[in-house]
Amino acid sequence: AHQLKADRAVVNVAGDGLGPSGRGDKRQGAQARQALVEGAEPSEAQLANIDAAVETMNASLSVLADELVATLESGEEPSRRDAMAFAADALDTLINAEDQIYDALTPEQREAVEEGAIDPFSYVDPALVDKLGALGGQP
């Protein structure tokens, strides 16, 4: 039962545009950032705000992943409510990061870049995806 729930967590958290097989790819984050820099031409202050939003997002997601891993490795069966709370916290973190990235740019800058350059999934740390992937027996 743990395996199934761990697999669902991997799919729900990491299965949206994170590269082949849902795994993160460091190049993807670098490419998204480069596209953002080239397309939007943000100021140093704007870029610092975006980088801080991404760093905060990844730190928060890492804490959530660590909590999930610890729960599952302890043999404790997460309740349905616990699973929903995990998903809600992860989504809140991603939405908050997207809002911060979005708000750091002017409307003209946002229009100048492809959506992937603003998509917080483009910036999820691959180590996080690997951590959750290991729960499902993935490399």
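1. Terms first. Buried means under 20% relative accessible area, exposed means over 50%, and partly exposed lies in between (1.4 Å probe, protein chains only). By that scale, arginine 33 is partly exposed, with a relative accessible area of 32%. Of the 139 residues of the protein, 38% count as buried.

2. Basis of the note. This is a predicted model, where local features need pLDDT of at least 70 and side-chain atom pairs count only at pLDDT 80 or more, while totals for chains, interfaces and linings use all residues. Residues are numbered from 1 along each chain as its sequence is written, and side-chain values use heavy atoms, with hydrogens and water left out.

3. Overall make-up. The protein has six helices and zero strands. Helices (H or I, at least four residues) and strands (E, at least two) are DSSP runs, numbered from the N terminus. Along the sequence the pattern reads α-α-α-α-α-α.

4. Contacts and surface. Contact means heavy atoms within 4.5 Å. Among contacts between residues at least 6 apart in sequence, 78% join residues at least 24 apart. The accessible surface of the protein comes to about 8,000 Å². Carbon and sulfur atoms hold 51% of that surface. Accessible areas come from the Shrake-Rupley method with a 1.4 Å probe; for residues, only the protein chains shown count as cover.

5. Helix α3. This helix has 30 residues. From its first C-alpha to its last it reaches 42 Å, close to the 44 Å expected at 1.5 Å a residue. The expected span is 1.5 Å times one less than the number of residues. Just after α3, glycine 75 takes a positive phi of about 90°.

6. Glutamine 46. This residue lies in helix α3. Glutamine 46 is buried, with a relative accessible area of 14%. Leaving aside neighbours within four places in sequence, glutamine 46 is in contact with Ala104, Leu105, Thr106 and Gln109.

7. Salt bridges. How many does a search of the whole structure find? The search finds two. A salt bridge is a side-chain nitrogen of Lys or Arg within 4 Å of a carboxyl oxygen of Asp or Glu.

8. The pair on α2 and α3. The side chains of aspartate 51 and arginine 33 meet in a salt bridge, at 2.8 Å from N to O. The pair links distant parts of the chain, 18 residues apart. Aspartate 51 is in helix α3 (residues 44-73), and arginine 33 is in helix α2 (residues 26-40). Aspartate 51 is partly exposed, with a relative accessible area of 29%.

9. The pair on α3 and α6. Lysine 131 forms a salt bridge with aspartate 66, and their closest N and O atoms are 2.6 Å apart. Lysine 131 lies in helix α6 (residues 126-135) and aspartate 66 in helix α3, so the pair ties together parts that are 65 residues apart in sequence. Lysine 131 counts as partly exposed at 27% relative accessibility. Aspartate 66 counts as partly exposed at 39%.

10. Isoleucine 118. Where is isoleucine 118 found? It is in the loop between α5 (107-111) and α6. Isoleucine 118 is buried, with a relative accessible area of 10%. Leaving aside neighbours within four places in sequence, its contacts include Leu36, Tyr102 and Arg110. Isoleucine 118 and aspartate 99 are 19 residues apart in sequence and 9.3 Å apart in space, C-alpha to C-alpha.

11. A charge over a ring. The charged end of arginine 110 sits over the ring of tyrosine 102, 3.7 Å from its centre. The term requires NZ of Lys or CZ of Arg within 6 Å of the ring centre and within 35 degrees of the ring normal.
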